[in-house]
Amino acid sequence: MLASRLTARTLSARPLSSVATSAMPSPTNMAPPTKLLVEAPTVGQFNPPKRLLMGPGPGNAHPRVHAAMALPQIGHMDGAFLQLAEEIKEMLRYAWQTKN
């Protein structure tokens, strides 16, 4: 008898999320008021003038550095990164004259 009362109660007391909430506006699907909408500004490309920085830092980077920074990043577990790390280790072994 208790089990039949519990199942009747749980069937009649459905959560609010299942009771026609698609018709109710929520913060995720509600459009903002039209008076708050502003047209997006047009932004051009940033082309700073070339300058020679003579202060304590930051200094001018070589154009090759800028070109390398513009390349896509790779993760530390990427095969290309691991290969590069091995090449750097080989060059460091030569520079320090070690086999370690």
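From the N terminus on, the elements of the chain run α-α-α, with three helices and zero strands in total. Helices here are DSSP runs of H or I with at least four residues, strands are E runs of at least two, and both are numbered from the N terminus. This is a predicted model, in which local features need pLDDT of at least 70, side-chain atom pairs count only at pLDDT 80 or more, and totals for chains, interfaces and linings use all residues. Residues are numbered from 1 along each chain as its sequence is written, and side-chain values use heavy atoms, with hydrogens and water left out.

Of the 100 residues of the chain, 0% count as buried. Buried means under 20% relative accessible area, exposed over 50%, and partly exposed in between (1.4 Å probe, protein chains only). The chain exposes about 10,300 Å², and carbon and sulfur atoms supply 64% of that area; the areas come from the Shrake-Rupley method with a 1.4 Å probe, where for residues only the protein chains shown count as cover.

The structure holds one salt bridge, defined as a side-chain nitrogen of Lys or Arg within 4 Å of a carboxyl oxygen of Asp or Glu. E86 and K89 form it, with their closest N and O atoms 2.9 Å apart. Both residues lie in helix 3, three residues apart, or about one turn of the helix.

Here are some residue accessibilities.

| Residue | Relative accessible area | Class |
|---|---|---|
| E86 | 41% | partly exposed |
| K89 | 37% | partly exposed |
| L92 | 37% | partly exposed |
| Q97 | 62% | exposed |

Q97 sits in the segment after helix 3, and its phi is near 50°, a positive value in a residue other than glycine. A cis peptide bond joins G57 and P58, with omega about -5°. P58 belongs to the loop between helix 1 (2-12) and helix 2 (63-69). Most residues other than glycine have a negative phi, and most peptide bonds are trans.

Finally, the largest pocket holds about 340 Å³ of space. Its lining consists of P48, P49, K50, R51, L53, G59, N60, A61, H62, P63 and H66. These divide into five nonpolar, four polar and two charged residues. On a 1 Å grid over the protein atoms alone, a pocket is an open set of points with protein on both sides within 12 Å along at least five of seven lines, and lining residues have an atom within 4 Å of a point.

Conventions: 1 Å grid on protein atoms, 1.4 Å probe; cavity = no way out; pocket = protein on both sides within 12 Å on 5 of 7 lines; lining within 4 Å. Points joined across faces, edges and corners; volume = space filled by probe spheres on them. Nonpolar A, V, L, I, M, F, W, Y, C, P; charged D, E, K, R; others polar.
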